[in-house]
Amino acid sequence: MKIPFNKPFLTGKEAHYIYQAVYSGKISGNGELTQRCQAFMKNRLGCHKTLMTTSCTDALEMVAILLNIGPGDEVIVPSFTFVSTANAFVLRGAKIVFVDSEKGHPNLDAARLEELITEKTRAIVAVHYAGMACDMDVIMQIAEKHKIYVVEDAAQAIDSFYNGKPLGSIGHFATFSFHETKNIISGEGGMLCINDEQFAARSEVIWEKGTNRAAFFRGEVDKYGWIDVGASFLPSEVISAFLWAQLESIDNIQQRRLAIWARYKACFDALKPEGVMVSPIPPYATNNAHMFFIVFDQGQRRNDFIKYLKDRGIHAVFHYQSLHSSPYYTDKHDGRELKMSGYYSEGLVRLPLFYELSENDLDHITSTIEQFFG
Ligand SMILES: *Cc1c(COP(=O)(O)O)cnc(C)c1O
């Protein structure tokens, strides 16, 4: 038996919509399927504007351009996250001020934010780790008080909520990912949400290579030209066609993932292993079954666990290496120790979680876990 960590799920309609896009006569971006995906997500989240992008990384880079981030600016980012969260702002010349994670879960510790804010701080990036919400009311209040912006890195957070509000609808901006490792996929793909209206018009220009082509397509201007900086952030219709097939099945996909998550949870509820944190969910957050993770107090035991599963055909993985002590950033970091980030780096494991994981697979995984702890 060989159980991979992830297997991209296909609904079966992807090729159909791609065929439609290819023969529609418009294969480049901002066509009918792109607009369909954007409208679907805008309605579902209730945000002001949505723009499909070629990745969440690109959506974050668009935010950095929209905020005119430049040398001398500081952006607060958790150290325990994917590189793109920080890299988008580093590309514009900003200094990253890393914030540590909470003791009870890997999200940023909102109680540590105010001590990190200076007159140079322009934005806070709240990463909803494993799709579970950061404490957004606290973060938004701090941002309002200091007149800085909040970006939700919602790459993992589709179909998840903070006190009833959809993640992605709360910060001034939010970014989503449709990379094949996420719940809803298009191979590579992403989306930018604009919740602060003042950025809506310019976002479309930056998206379309610094031109007002989107407005031209709508017949709002009689010619289009170069009016600002920009890049080619929009995906082709082929990507949006793939994504549309997935979005149509979002409720079905989520239902299956949640059922798998619940089986892992039940397994650990019965075991209650000592010295192990089991996928915690803060009271204000929901679970979107992006990930099932556990955290060992001791890194060596984590590595033993991964090896034990591997020897029995189960591929479990760890991540992230703390960004503040990464080869690229370590000599740029201000030297503060970020203990909790280190704890998650060394102790966290993610179990296989994908739509086609069968009950049979789950029996094998859970009984292997029981053997390890038993
Ligand atoms: C996956 C991920 C990204 C990057 O998404 P891409 O679409 O691959 O660019 C950024 N941030 C977080 C937290 C992620 O999990």
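Accessible areas come from the Shrake-Rupley method with a 1.4 Å probe, and for residues only the protein chains shown count as cover. On that basis the accessible surface of the protein chain comes to about 15,900 Å², and 52% of this surface belongs to carbon and sulfur atoms. This is a predicted model, in which local features need pLDDT of at least 70 and side-chain atom pairs count only at pLDDT 80 or more, while totals for chains, interfaces and linings use all residues. Residues are numbered from 1 along each chain as its sequence is written, and side-chain values use heavy atoms, with hydrogens and water left out.

**Overall architecture**

The protein chain holds 12 helices and 12 strands, where helices (H or I, at least four residues) and strands (E, at least two) are DSSP runs numbered from the N terminus. Its radius of gyration, taken over C-alpha atoms, is 21 Å, close to the 21 Å that the globule rule gives for 374 residues, so the chain is as compact as a globular protein of that length; the globule rule is 2.2 Å times the number of residues to the power 0.38. Along the principal axes, the C-alpha atoms fill a box of roughly 70 × 50 × 35 Å. Of the 374 residues, 57% count as buried, meaning under 20% relative accessible area, with exposed set at over 50% and partly exposed in between (1.4 Å probe, protein chains only). Among contacts (heavy atoms within 4.5 Å) with a separation of 6 or more, 72% join residues 24 or more positions apart.

| Helix | Buried share | Buried residues | Packing partners |
|---|---|---|---|
| Helix 6 (residues 200-207) | 6 of the 8 residues | Ala200, Ser203, Glu204, Val205, Ile206, Trp207 | helix 2 (32-45), strand 1 (49-53), helix 3 (56-66), strand 9 (190-194), helix 7 (213-217) |

**A helix pair**

Helix 1 (residues 14-22) and helix 8 (residues 237-248) pack at an angle of about 145 degrees with their axes 8 Å apart, the axes being lines fitted to C-alpha atoms over the stretch in contact and the angles running from 0 to 180 degrees between N-to-C directions. Helix 1 contributes Glu14, Tyr17, Ile18, Ala21 and Val22 to the contact, whereas the residues from helix 8 include Val238, Ala241, Phe242, Trp244 and Ala245.

**Single residues**

Ala133 lies in the loop between strand 4 (121-127) and helix 5 (136-146) and, at 0% relative accessibility, counts as buried. Leaving aside residues up to four places away in sequence, Ala133 touches Asn107, His128, Phe161, Tyr162, Leu167, Pro282, Tyr284 and Ala285.

Most residues other than glycine have a negative phi. Lys272, in the loop between helix 9 (250-271) and strand 10 (276-278), has a positive phi near 40 degrees and counts as exposed at 65% relative accessibility. Asn163, in the loop between strand 6 (161-162) and strand 7 (165-166), has a positive phi near 45 degrees, and Lys209, which follows helix 6, has a positive phi near 60 degrees.
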